[in-house]
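Please examine the sequence and the structure shown below.

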Amino acid sequence: MRGRAGALALGLLALSLLLSAACARPSRQELVVLLPSRDGAPSAVEVTHGQTRTALDQPYDAARLRGEGRLEKGRSSEGEVRGTFGTALDAQPLRPASFTVYFLEGKDELTPESLPVVGQILAELARRPAPEIFVIGHTDARGSHAANDALSLQRAGRMRDELVKRGVPAERIHVEGRGKRELLISTPDGVAEPRNRRVEISVR
Amino acid sequence: MAKWLLSIAGLLFLLGGLPMASPARAADVGQIKVAKGTVQIQRDGSTLAGAVGMGIRPSDVVVTGADGSVGIVFADASLLSAGPGSVLAIERFVFDSTTHEGAFETRLQKGTLAAVSGKIAKRTPDAMKIRTPSTVLAVRGTELAVQVVESAP
């Protein structure tokens with residue numbers, strides 16, 4: 001008796017599972033593809049579906065899910081990615097472009113070699129819709145934090161002024177000073193190093 | 001364990017206490033750089049037309065029509081772009097432009113999404129998450145594509 005009831009319950013459960021799989025919801029398909037990274041940086045994405053977890057860590061590794069099925073790891077291809085994601089990829093904004101200009105020791109004056117970079121930044125701005133500019137000033141390791149924080153901000157401000165003078169709207173430019181906190185060339189404190197006296201400009 | 005909890009508490013404190021990056025206006029965390037065809041932003045119960053230069057805020061839902069596509073740059077320099085017939089919810093975006101600590105969570109309800117991770121994922125692996133109706137993607141870097149298709153049986 002008990003066995004029969006158990007079998008009946010099991011049968012009903014199987015039937016309801018079948019029904020829900022067959023006609024309850026629209027079937028859904030999901031696809032995740034790891035793409036080659038443009039700068040060659042190591043790349044990975046971990047895909048979790050319920051208790052199942054899979055890592056995609058090679059270009060064109062793919063995870064697929066069909067309906068109520070299991071997560072399946074497999075491969076995609078350049079052709080499939082182009083066919084499925086072409087429009088989304090075409091809408092990808094331009095990558096940020098980075099520039100560095102250098103300054104004379106203790107001053108907010110550009111080195112002569114850095115002057116042409118201003119023109120390059122303007123050309124980059126002209127290519128972009130609704131461009132934004134992030135200007136971050138740095139110093140070398142000579143002097144106090146307070147003095148260098150002020151000098152780095154002054155250098156970034158000088159760069160902003162150069163751009164504004166050439167017609168870039170000031171509200172598109174974000175200025176920051178990091179003082180001697182982020183040396184490009186690591187030196188002991190108090191050391192003068194021309195390559196650290198810089199302003200980094202990121203155009204997005 | 002206690003140490004781990006403490007560092008989480010410290011991070012939350014930092015995230016709450018420091019000024020966040022602000023691309024255009026204070027509340028904006030990103031900006032539309034590419035908009036083709038029909039692009040709409042659902043914000044606070046209203047629907048706005050999405051256009052190049054428009055700011056994106058946390059809790060915005062980005063919707064593209066059958067002819068639409070959109071590309072957005074976020075404050076941490078991550079890039080998201082969506083193809084036609086997509087619904088992409090920006091669920092959370094927190095970013096400290098000095099330490100690069102933060103969290104970035106989005107949900108693709110349907111359609112196609114191409115993503116390039118930025119400084120948040122670089123600084124903290126797994127801090128950038130993309131959800132779909134059935135999965136959670138923890139982005140360790142850097143470029144990926146996601147598709148969600150809903151079709152009648």
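**A buried serine in chain A**

S37(A) counts as buried because its relative accessibility is 14%, where buried means under 20% relative accessible area, exposed over 50% and partly exposed in between (1.4 Å probe, protein chains only). The model is predicted: local features need pLDDT of at least 70, side-chain atom pairs count only at pLDDT 80 or more, and totals for chains, interfaces and linings use all residues. Residues are numbered from 1 along each chain as its sequence is written, chains are lettered from A and ligands numbered from 1 in the order in which they are written, and side-chain values use heavy atoms, without hydrogens and water.

**Surroundings of S37(A)**

- S37(A) lies in the loop between β1 (27–34) and β2 (44–49) of chain A; strands are DSSP runs (E, at least two residues), as are helices (H or I, at least four), numbered from the N terminus.
- Its side chain reaches the backbone oxygen of A41(A) at 2.8 Å.
- Apart from neighbours within four places in sequence, S37(A) is in contact (heavy atoms within 4.5 Å) with T142(B) and E143(B).

**Strand β6 of chain A**

- In a regular strand the side chains alternate between the two faces of the sheet.
- β6(A) pairs with β9(A) (residues 198–203) in the antiparallel sense over six bridges; pairing requires at least two DSSP bridges.
- The bridge partner of F99(A) in β9(A) is I201(A).

**Chain B**

- Chain B contains two helices and twelve strands.
- Of its 153 residues, 54% count as buried.

Notes:
Polar contact = N/O pair within 3.5 Å; in protein donor to acceptor, adjacent residues only side chain to side chain.
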